[in-house]
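Here is a friendly walk through a protein model, one neighbourhood at a time.

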Amino acid sequence: MKKIHVVAHTHWDREWYFSDNEAFVQFSYHMDEVIYALENNELDYYYLDGQLSIIDDYLKVYPEKEAKIKALVEANQLFIGPWYTQMDEFVVAGESVVKNLQIGIDMSKRLGGHTALGYLPDSFGQGKDMPKIYNGFGISDAVFWRGMPNEVTNSREFYWTAEDGSKVLTINIRNGYYAGVALVEGELYQKKAILDIVSEDSATDIVTLPVGGDQRAVDRDLKAVIQKVNKEFGAEYQIEESNYPHIFNLLREKTTELPTVQGEFISGSVSKIHRSIYSSRYDLKKLNDTIENRLIFQLEPLMLMADDLGIPFKRELLNYIWKLLLKNHAHDSIGGCNTDKTNEMILARYKEADQLSYSTIDYLVRKISESIKEIKENDLILFNTLPYTRTDPYVLEVSTKYADIKLFDQANNEIDSQILSTEKVYAGEVRRSEREYDEAKYYYIHKVSFIKKTRPLGYTIITVKEEVNSNDSAISFNTEEKLIENDYYEILFSQGKFSILAKNQDKTYEDCLYVEESGDEGDTYDYSPAYHDKIHQLNFDTTNVIVESGAFLSTMTLKGYWSLPKDLQARKTGELNAQVDYTFTVSLSKNSKRIDMNIKLNNQVMDHRMRLVVKTPVESQVSYADTLFGIAERKNQDPHIQDWQKLGWKEEPTEIYPMIHYSNLHDDVSSWTIMSKGIKEYQVIDSSLYITLFRGVGFLGRPELLRRPGDASGNQYRSIPTPDSQLLGKQEMALSLIIADEFDPVMIQKEYQRYSVTSPYYQIQTLNRFTNPIQYFQSNKVDQLNDLKEFTDLSNVSLVFSALELSCNGQWINIRLYNPSLIKTISNEKITLATETNCRFVDLNGDTLELLGQLKEVSLGTFQPGEIKTISIER
């Protein structure tokens with residue numbers, strides 16, 4: 001006899017085709033009903049969707065309810081956590097997932113404790129790194145729905161493993177987290193049908209049936225329903241109210257009957273997976289990347305440096321910013337599959353997080369710089385917030401009274417530099433006519449590039465001296481020869497096409513960069529080709545080319561336009577009745593392995609997709625991309641691309657894949673990697689990398705897509721226009737290409753960090769009081785700065801640095817490292833500390849795993865493929 005364990009729950013989308021404010025009004029009443037139902041024995045148990053953000057919002061308005069919630073949690077009636085928000089797993093950074101759990105678990109402690117369950121019932125697929133993240137928080141059970149293909153296992157209960165050996169006992173929900181609604185609302189035959197369906201794939205007699213749904217009210221008559229169904233079908237099924245901890249305890253007794261699987265689950269065979277949601281609302285995803293990188297690699301390390309110097313670490317401020325960002329990581333929110341009204345509120349949170357994070361950095365670098373003993377006018381303080389020695393070129397702005405400058409180090413040695421631009425600016429009071437301006441009140445803003453070695457988590461000081469006709473490293477303009485080069489590459493532009501000479505390989509790659517444009521008659525969930533489509537290969541056919549060559553930075557800038565169909569109707573008739581202006585800049589920095597690219601577009605076309613195409617010589621059947629804490633290998637052609645409809649799949653398994661920071665194609669001869677700041681989608685076709693710059697569509701959901709037949713996703717009963725999701729107007733994309741002999745994921749992630757993480761800086765000057773919005777305000781100096789502690793240098797460690805954290809009690813610095821390889825074990829790595837210090841290993845939540853004692857040289861031990869470790873050093 002099968003035992004059906006009914007789990008009463010709700011799935012609470014923070015926002016979607018409704019705003020979070022609209023959802024909150026309902027939740028404020030819903031939570032009252034949950035408390036009442038549990039206190040009055042209408043329900044034995046209730047699972048509150050595994051996320052704390054909705055309770056966080058509730059308690060800000062109803063703080064008097066905290067005691068009731070805590071009592072129900074402690075009584076094991078109400079189950080909460082461990083997440084702060086129900087996030088997506090494929091377009092946010094790994095450290096965002098860690099922070100999501102850290103904040104969720106910490107909040108849960110105040111409310112009686114969290115449910116140790118990796119619960120993501122509606123995320124659009126499951127990432128391969130989730131078992132090791134769960135294990136890093138002491139979580140050994142998981143529940144999810146989407147993405148699991150039948151061909152992986154016939155059992156809905158299994159052990160899910162990662163390549164490092166991490167393992168979670170998993171329930172893959174049959175027919176969705178809302179399947180049990182049929183038990184409550186269906187006719188008798190429908191009740192029987194759902195019991196049969198959820199039972200048929202279970203490996204044991206323990207069957208899970210969640211009863212709940214999106215924003216669903218409490219099922220107050222659940223006990224009566226269960227009693228009735230038991231009476232009708234008691235010979236075949238035994239049904240009872242249950243909860244996930246109890247179910248997993250029972251399943252653990254059946255371990256010999258359960259299969260083991262490994263990997264990511266992004267199949268649309270049994271549920272919609274929306275594989276091209278990665279490119280919806282690119283503008284929001286770009287903002288997300290900017291703020292993530294700032295929080296992880298700039299703000300928290302800088303706050304730690306400031307704390308060492310005597311400026312207190314503002315954990316509450318840091319967590320407040322993280323919460324704003326994490327609210328946007330809810331799977332619909334980060335996916336962009338929302339109404340325009342909702343996306344406006346998401347954008348508002350991004351703007352708030354953006355302003356708070358950069359303002360905190362601005363404040364701290366100013367406070368530190370102005371408090372440095374014997375600091376003087378025109379000193380320039382450079383901060384390195386990475387645990388690597390930085391020797392890559394700085395690009396920054398300085399303000400001076402005179403038009404010519406030189407840079408000097410602290411030993412008064414001149415530093416070679418390159419002036420990229422100079423702007424004359426008025427510092428006096430603004431008048432209607434510039435003829436009234438006093439010439440003596442002008443100053444100059446110089447954009448300058450130079451190299452100055454800066455130690456890890458440290459700062460260095462250089463001095464800006466004003467001279468007359470001093471700078472010999474100014475840019476040279478060359479509009480005749482369309483060529484730039486550095487130590488690694490020579491890039492030639494001729495007749496609308498690019499060729500790249502990779503000097504290390506002594507190979508030239510002809511016509512290797514262009515843009516592809518095509519129609520998109522999909523929606524905010526899925527790309528789908530237009531019913532009447534034409535694909536345009538767009539070269540850079542322009543004579544407006546400016547080449548600027550310098551000692552530290554050389555650029556080639558192309559300006560032009562493309563003529564394209566304005567909309568689907570014009571695409572159908574073949575009209576080219578819209579113009580998309582572009583500016584495409586290719587840059588090479590001194591000693592850099594990267595080819596940096598910037599694309600600015602004025603999009604005037606609707607319902608279309610634009611992709612950068614990188615033609616490679618690589619012969620491979622698979623591609624690679626970074627994941628939360630590793631890399632994924634994926635097939636360039638899905639084996640079911642021809643027969644998916646015959647098999648009854650929910651959507652075409654187009655080989656569109658997610659990337660967090662980069663995608664890669666390599667073989668035994670050559671490796672090609674594209675990194676980006678906010679672009680999240682790629683595809684490989686015939687040895688070329690297709691990188692989705694953006695796509696614009698006009699509906700939240702459309703029915704009968706070529707790639708996704710049947711009902712519209714989202715809301716099947718109403719067409720919801722989303723004109724803002726067309727992304728009309730100015731868009732800007734940043735990418736970088738690395739051509740190498742072999743694929744080195746550690747090198748690529750380190751390059752990505754250098755590429756995406758700028759070094760904060762501050763100039764002591766009073767000419768320009770608007771270098772940032774808060775410079776105008778007065779700030780007191782710190783009476784006496786402490787000495788900045790020397791930090792270990794991870795430049796030569798063959799692991800990826802992921803995060804630097806201050807422990808909750810302020811006594812430890814946690815450094816997170818991981819091995820991104822799928823197959824390679826890394827041994828004998830060690831880090832050297834400045835002094836002998838107490839060390840330990842901690843888990844992802846900062847709890848002690850192993851005490852190591854006092855050490856100066858710390859052995860990191862063996863890192864299995866994909867393994868994450870956090871070394872903790874006492875301050």
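Which residues does Glu704 touch, not counting residues up to four places away in sequence? They are Tyr531, Pro709 and Gly710, where a contact means heavy atoms within 4.5 Å. Before going further, a word on the model: it is predicted, local features need pLDDT of at least 70, side-chain atom pairs count only at pLDDT 80 or more, and totals for chains, interfaces and linings use all residues. Residues are numbered from 1 along each chain as its sequence is written, and side-chain values use heavy atoms, with hydrogens and water left out.

Back to Glu704, which you will find in the loop between strand E36 (688–696) and strand E37 (729–740). Helices (H or I, at least four residues) and strands (E, at least two) are DSSP runs, numbered from the N terminus. Glu704 has a relative accessible area of 46%, so it is partly exposed. The terms work like this: buried means under 20% relative accessible area, exposed means over 50%, and partly exposed is in between, with a 1.4 Å probe and protein chains only. The C-alpha atom of Glu704 is 9.1 Å from that of Gly522, although 182 residues separate the two along the chain.

Leaving aside residues up to four places away in sequence, Asn591 touches Ile451, Asp487 and Tyr488. Asn591 and Asp392 are 199 residues apart in sequence, yet their C-alpha atoms are 7.6 Å apart in space.

Now turn to a pair of helices. Helix H7 (residues 188–200) packs with helix H8 (residues 222–233) at an angle of about 80 degrees, their axes being 11 Å apart. Here the axes are lines fitted to C-alpha atoms, for helices over the stretch in contact, and angles run from 0 to 180 degrees between N-to-C directions. H7 and H8 are therefore roughly perpendicular to each other, a label for angles of 65 to 115 degrees, while those under 35 count as roughly parallel, those over 145 as roughly antiparallel and the rest as oblique. On the H7 side, the residues that meet H8 are Leu188, Lys191, Lys192 and Leu195. Their counterparts in H8 are Val225, Val229, Glu232 and Phe233.

How many salt bridges does the model have? The count comes to 58, taking a salt bridge as a side-chain nitrogen of Lys or Arg within 4 Å of a carboxyl oxygen of Asp or Glu. One of them joins Asp219 to Arg216, with the closest N and O atoms 2.8 Å apart. Asp219 is buried, since its relative accessible area is 11%, and Arg216 counts as buried because its value is 15%. Arg281 and Asp283 also meet in a salt bridge, at 2.9 Å from N to O, and Arg281 is buried, as its relative accessible area is 8%.

Lys503 and Glu485 form another salt bridge, their closest N and O atoms lying 2.7 Å apart. This pair links distant parts of the chain: Lys503 sits in the loop between strand E21 (497–502) and strand E22 (507–510), Glu485 belongs to strand E19 (residues 483–485), and they are 18 residues apart. Lys503 is partly exposed because its relative accessible area is 32%, and Glu485 is partly exposed because its value is 39%. Elsewhere, a network of salt bridges links Arg14, Glu15, Asp20, Asp57, Lys327 and Arg349.

The backbone has some details to look at too. Most residues other than glycine have a negative phi, and most peptide bonds are trans. Asn41, in the loop between helix H1 (20–39) and strand E2 (46–47), has a positive phi near 60 degrees. Asn41 counts as exposed because its relative accessibility is 54%. Asn76 likewise has a positive phi near 60 degrees, and is found in the loop between helix H3 (66–74) and E3. The peptide bond from Gly81 to Pro82 is cis, with omega near 10 degrees, and Pro82 lies in the loop between strand E3 (78–79) and helix H4 (94–110).
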